[in-house]
Structures are given as C-alpha cells and as structure tokens.
Amino acid sequence: MAELVFERVTKFYGPVIGINAVSCRLCGGIVGLLGANGAGKSTFMKLASGQLRPSLGEVRVAGRAATSAAARRRVGLSPDLHVFYEEMTGFQFVYAMARLHGYSRGEARQRTQRAIEAVGMSDRAGRRLAGASHGMRQRIKLAQAMVHDPELLLLDEPLSGIDPAGRREISLLLARWAGEGRTIVFSSHILAEVEQLADRILVLVRGRLVADGALAEVRGLLEDRPFVVALEAAEPRRLAACVAELPEVRSVEVQGETVLVRTRNPQRFFSWINELVVQEGLELRRMEMLDTGAEAVFSYLEAASA
Amino acid sequence: MRLLRAWQTLVWLSARRMLFSSSTLVVLLPVAISLLFVLHRNYGAWDDSARAFDRFSRFLVAGYLLFVIPICTLAYGTSSLGGDREDRTLLFLLVRPIPRALVLLGKFSASVPLALGLLLACFGGYCLLAGEVGRLAWNAYLPAVVLSTIAYLAVFHLFAVVFRHATTVALIYALFMELVLGHMPGIIKRVAISYYGRVLMYAGGEPWGVRAPPAQWFEPISATAATWALAGLTVASLAAALAVFQWREYRDLT
Amino acid sequence: MSIDVARYHGWHGKLGSPWWATLAMVRVALLQVFRRKAYWIVLGLGLTQFLLFWSVIYAVTQLNPPPQVRERILEAFGFSAETAAPQDSGYILFMQRQSLVVMILLAFSGSLLVGADFRLQTLPFYLSRRIDRMHYIAGKLLAVAVLVSLLTWVPALLLFIEYGMFTSSLTYWVENWRVPLAVLAYGLVLCVCLSLLLVALSAWLQRAAPIAVTWSSLFTFLALLAEYLREETGQQAWALLDPWRDMRYVGRMCFGVFTRQSQEALAPWALLVLGVLCGACLLLLVRRVRAVEVVE
C-alpha cells in the first residue's frame, strides 16, 4: 500500500501561497479533499502527482519523492481537465497510456479492456473522443488513471458531469478499489458525495489544512460549535422547559412543534433525554442531529478560519 | 526494459500524432510551391550547365535553406512539445513513469525523422527534377541540409520548452533573426543558423563554380568550423532544453 | 416566489444596432493582443522603421545638410528633393517596409483572434447574442484592420504631418494634399486584403503553427519565388504572384506614381488578382462560419 506523505509542505506561486505548511499522512481508504475555490485543492493534487515541487517541505509517495518516476509508477491521476488526444477513440487513448507505462502490447490491451469495463465504457470505447460527452470523458479519465493498477489514486472532481446512475456506479467502483487496499484521494465540491464516500476528510481553507480525520471526529473537535439537535414533540414548550434543566444543554429554542437544542455532548444528551421522556411522560415524535453533515462541518471550519 | 518500451511508445505516439496533424498538411504548401518552381525552371535542360548549377544553388540557398527548412522545422519543432502544451495534454505524459528528460528526447527523436524525411524528400525531389545538376547538388549540399535541419529542430524544441507561445517566438526567430540578422554585415550574422548552413553550401558548391558573396561582407568561416558550430548549437540547445524541462513547472496544464 | 418578488425584470431600454457589437469585438481583440509581451516586441520592431523615417525627415528639414547630402538622403528614403514635386514615394516605401513586421504580427494574431474561437468552440458565445455571422465577420475583420492600420497608414500619416510641421509654412501640406488621401486609399487596400486573408485562413487552420507556416509561405516564399521567376525569365507578370507587390502596385495606383512603366501596366492586373483573392477568402469565411449551428 503506497503511503502519501506531506511534511510541512508549502507552495509559493510568486508572492501567492498555494498551500501553507500542510502535513498529513494518507494510507489506505477513501480520502475526501474539501475546500472552496482557490483553497489549494488543485495545488495539493499537483504536488501529490509530482507535477509541482514544494517550495518548502517534502511530498513522498511510498517513501520516494513524488516527482520521481518511481513514485509516478504507483500513482494514477484523473485531472480536472477535459482534453485528450481528440483524434483517438477512448480505447486507443487508454491503451496508449498503458503502453506509456511500459507494458507489452498484449498486456496493455488486457489492462485497457479491464479498465474500460470497470468504468462501464465497454460499449462506447470505440467512439472517437472528439465527440464524447462530458460523462464519457470522466469515465475515460478514470480508466486511464487506473489502467496500471496504481496504489494511490488522485481524482480531481471525479463525479462532476456524470448522471446519477453513473455516480452510483463510480461510487461503488471507488469503494471497491479502496477495499482492494488502494488509497484514493478525491476532491469534490459536492459535500454530500464526500460525506457518502469518504472515510476521512481533509479540509483546506486558504491554503491551510484546517481539519484531518473522519467526519464525525472532525465535527466533535469543533468545541465552539455546539451540536444542534431537533426534537419534535406534541408539547414543545413543556419539553423545552424540561430539556433546559439538563446539564449539557447550552440553549433551547422553540420553533412551532420543533425544539432546537444546542449541546456540547450529544451522546450524554441522548441518554438523558431518553430518561427524561420516560420520567415526564412526554410524547417525542422525532429526534435528529442537524449539523453533523459535511456541509455544516465545512461551513463551520471556513467561518472559524476567516 | 519497461522504460525502453514506454519511451518507444512515446516516440511512436508523438511521431504518429505529428504526421497526421495539420502541420504536415500545411508544410506541404511551401514544398509543393517550390517543387513547381523547380519543375518550371527545368534546370536539367539548360545548355550552360555551370549557369544552371549556379542558379539552382541560388534557389537552394535563398529558397530552401532560408525558408523551407526553417518553416518546416518550425512546424514540427514547436508543435511536438508545444502542441501538447497548447492542448494541455502534456499532463498525461508528465504523470507517466518516464523521466522528463526522456520525454523531451522522445519528442525530439520523433520530430527528427519526420522533418528530415520530409525535407530530404523535398530536396531529393528538387534534385530529381533538376537532372544532372540536381545530382551534383545532392552530393554537394546534403550535409548542410541535414545539419541545419537538426539544428533548427533543437532550437525550436528549446523555444517550445521555454516559451508558452513558442510558435510566435520561433516565427520571429525564423523570419527576423535568420533573415535580417543573418544578412547583416559584421559577425552579428553568426547568431543565425542559416549562416553556417550557407557557409557549408557555398563550400560544397565551390568546386562547381558557385561563388559565395564577397568575403568582406559575408566573412565566411571554414566548412569544418561551420559543421562544428551547427553540431555544437544542436547539442547546446538540446542540453538547455533538457535542463529547463527537467526543472520547469507547467502550472497552466490544469 | 414570483419572478417580480425576486426583482428580476425584463429589459425596457432601447437596444442599439448589432453593428455596434463589432466595436466591442475590436476592443476585446486589441486588449487580447496588447496583453502579450511578444506583440509589444513586434510593435517595437515596427516602431524602429517609423523612428528612422521620422529622423530622416527631421534631419533634412531642420539640420540643413549640404544640398547634395540632403538630396541623397531623401532619394534613399523615396522622397523627392524638390519640395514642389510630388513627395509620395517615401510614404509608399515606408508602408512597404512595414510589411515584414505586419506579416509577423498578423501571423500570430490570426490564431489568437479568430482561430481560438473555432478551436475552443467559443463561437456560439458570439452567435447566441443579437449579432449574426455577418456582424461576427465584420468585427473580426475590423479588429485585424485596426492592427494593420496601427503599423501602416496611421504612422505614414503622422510622417506626413511631421514633414509639414517641420517646414516653416503650410506650403508642403497644400502642395501635397493628395498624399494623405493616397495614404488612406493604400491603407484601405492593405486593411481589406490582409484582414480578409487572415480571418479566412485562421478560421480554417485555427492553430498558430499552421497559420504561421501558411501565412509566411504566402507572403515571404511566394515573393521570393516571384522575384526569381521575374529575374530569370524577364517576364514582369510573375511579379503578380507576390501578394505584397500586388498591394503595392494598387497602392501606387492610388498615389498615381509609378517608378517603371511595367508597374503601371501590371497595376490593373494586380487589382484583379487581389479582387479574386479577397472574393475567395470571403466565400471561404462565410462557408466556415455558416457551419456553426446555434440554437436561438
């Protein structure tokens, strides 16, 4: 399993900082890279794929400098770029990329067929890329990235432009690849996708890595942002009065039949609320945590770093 | 072994893409025009063969060496790597496990047989159409053609590595530096590749009565020195291109 | 929420003619060109010729060199030593000497201003507005014509103004009143022919390298071969192969000054050649732009 290591990596573009003192160690699983436009996601991908050299620090893939040919052998990149050798067919393009890894004709052909099948392009691989749709291009990009069975896959916006059915297919594919022991790093603007796919997230804000870990862990570390729990009850005002007495509750707000509770410790809050409901004979219809999703986490982190 | 196979693929892929590109189609325009010119002049049928050789040589120096060679090499030299940069497909090569130096050498190796093949076919065509005079010219001018072609290709590859708009710079070089500076008095003309090519051509044609321009103006160097200069220019340009390409970051690719 | 509540409302103003859009295209084209350093280098090369002519005019009018020297300098730059005689050739010579710089500048501009629209498929951005393909073509032709003008007839007119201002009366301008008109007419010929040729070529070839190769083959290589053929065969008609020379002959027609009789005889033929060339380019261009489908 190839480990991707960033050690206090800083990248300057003249006077502008692309990413600033980023350190992380990625080994196995699916890692979602989150960040607004200009946050440094592309710079991260370019550094990891050896296209850029860090101004300070070090980027290593399986112990080798990411810019070295040995490291590139272990990396597959699907860039956020929609141009290919347009005169070729999808099959020819992926085959040419396989050959550029040094495989013999027969082996390259087999690998190309496998990669094309994996991304669900078998029936359309013979079409010229010049007339290919956005979704087909995305799939071909994925196929060329994994044609040499890389241990580390870097995918820049892999699901953009793909229809919902295709998204499901590719999500399953990524999960399968990760299950085979690969490390998959992908960037996306669609936070629901990150939430659904990633085992771990990296959040970049203005070039800095502000969070690294599983989504729930990251959420738990946001101490200044209490969790919001929505409770729907038949008697919201009585419920609010009872809940306000609990020790871990910061604030209570009644909105129609819904009571919004802000708490620092949701686990303990849930055990207490169960006891409370039984003791007071309250009718509780629904109980939901509102801001544990990637979107809320991302907006909290961004606001915190402002 | 795998690296060698990958490099061979790169050379083959680049050569095939260049051959079936619009560059090939458009370089055929000056080639066809010049072949029509030689066909029309029919140097082989002239009574005065010395005069025919002199006139044919004049055309080869001014038309072929100063225009057709730079323009054809420009088309292939700048588009071999510059085309990939312009289309941003260079990224797909740079993320493969081929060292960058080999990527550039592969591009150069792909463009040399293409440009040389086309230009030698064109030169052969002229010589064939010019009859006996052409046969003499082939023997006399072949080294100048080969060396100049390779030198131009190396320089244009350097441009493609260094400049984002390599075609623009190469055209300024081919039309301004080569034509204007190459014909200026004094040693400033030695910055032009065509100067060394002309020295070689005049030296090759001398036994058959081809006269170089007046020495006080042309200030010729020896044929050996010109050969070394062209070879040196090729090696130096390629070495500079390799050094730049090895360290250059192409941030505009994605 | 209704669209009114969202404060969206239709445009109630009066839209101008779509022909005004051509000016916007010219403005954008010039911004694109002048953003690049390479173009400033080429424009700098063009300026050296202007400064040379400017200095010559300054020297002969202000420094009072001996008459023989003055005469030789003026003749070398195509001007007549007699102030009363027509002094047109100098301006033709200046515009002709700008040809290399104009050619280089246009060779790059083609891909940037026109080729990119087709290669990157951005033409629908233009054609999905109120303008149609005629406005697009006119805008691009005008943009190229402005570039040609900046290097040819505009500096030539400046030289004419300079010449008159450095003499102590208005006599020069009064006696040579036809010169600016002729400069404008020659400038028009250059602008029309070069812009049509460049826009048509760029629309079909699109990329910088093929455009540059074709452009330089037309304007440098053909000129060279035409000169050889003219010299070797003694037939002046070969000169018509050279598009620059054709434009110059038509320019001389505008000035009414020919240095050789053969030029006068060939001038109408040159006009015919240019007419056919421009017609063919226009046809090619309309055909190329028509191929772009836009859903309105």
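**Reading the interface of chain C and chain B**

Reader: How many salt bridges does the rule find across the interface of chain C and chain B?

Author: The rule finds six of them across that interface. The model is predicted. To read a salt bridge, look for a side-chain nitrogen of Lys or Arg within 4 Å of a carboxyl oxygen of Asp or Glu. Take Arg119(C) and Glu86(B): their closest N and O atoms are 3.4 Å apart, so the pair qualifies.

Reader: How many residue pairs are in polar contact across the interface of chain C and chain B?

Author: Six residue pairs, with both partners at pLDDT 80 or more.

Reader: Which elements give two or more residues to the side of chain C that touches chain B?

Author: Three helices of chain C: helix 2 (37-62), helix 5 (99-119) and helix 11 (208-233). Helix 11 gives the most, with 18 residues.

Reader: What is that side of chain C by class?

Author: Sort its residues by class. There are 21 nonpolar, five polar and five charged residues on the side of chain C that touches chain B.

Reader: How many residues does the contact take from each of chain C and chain B?

Author: Chain C provides 31 residues and chain B provides 35.

Reader: What area do chain C and chain B bury between them?

Author: Buried area is what the two parts lose in accessible area on being put together, summed over both. Here it is about 2,900 Å², with 75% on carbon and sulfur atoms. Within chain C's share, look at Phe221(C), Tyr228(C) and Glu232(C). They supply 23% of the area that chain C buries against chain B, more than any other three residues.

Methods:
Residues numbered from 1 in each chain as written. Chains lettered and ligands numbered in written order. Predicted model: local features only at pLDDT ≥ 70, side-chain atom pairs only at ≥ 80, totals over all residues. Heavy atoms only, no water. Contact = heavy atoms within 4.5 Å. Buried area = accessible area lost by both parts, 1.4 Å probe. Polar contact = N/O pair within 3.5 Å; in protein donor to acceptor, adjacent residues only side chain to side chain. Helix = DSSP H or I, 4+ residues; strand = E, 2+ residues; numbered from the N terminus. Nonpolar A, V, L, I, M, F, W, Y, C, P; charged D, E, K, R; others polar.
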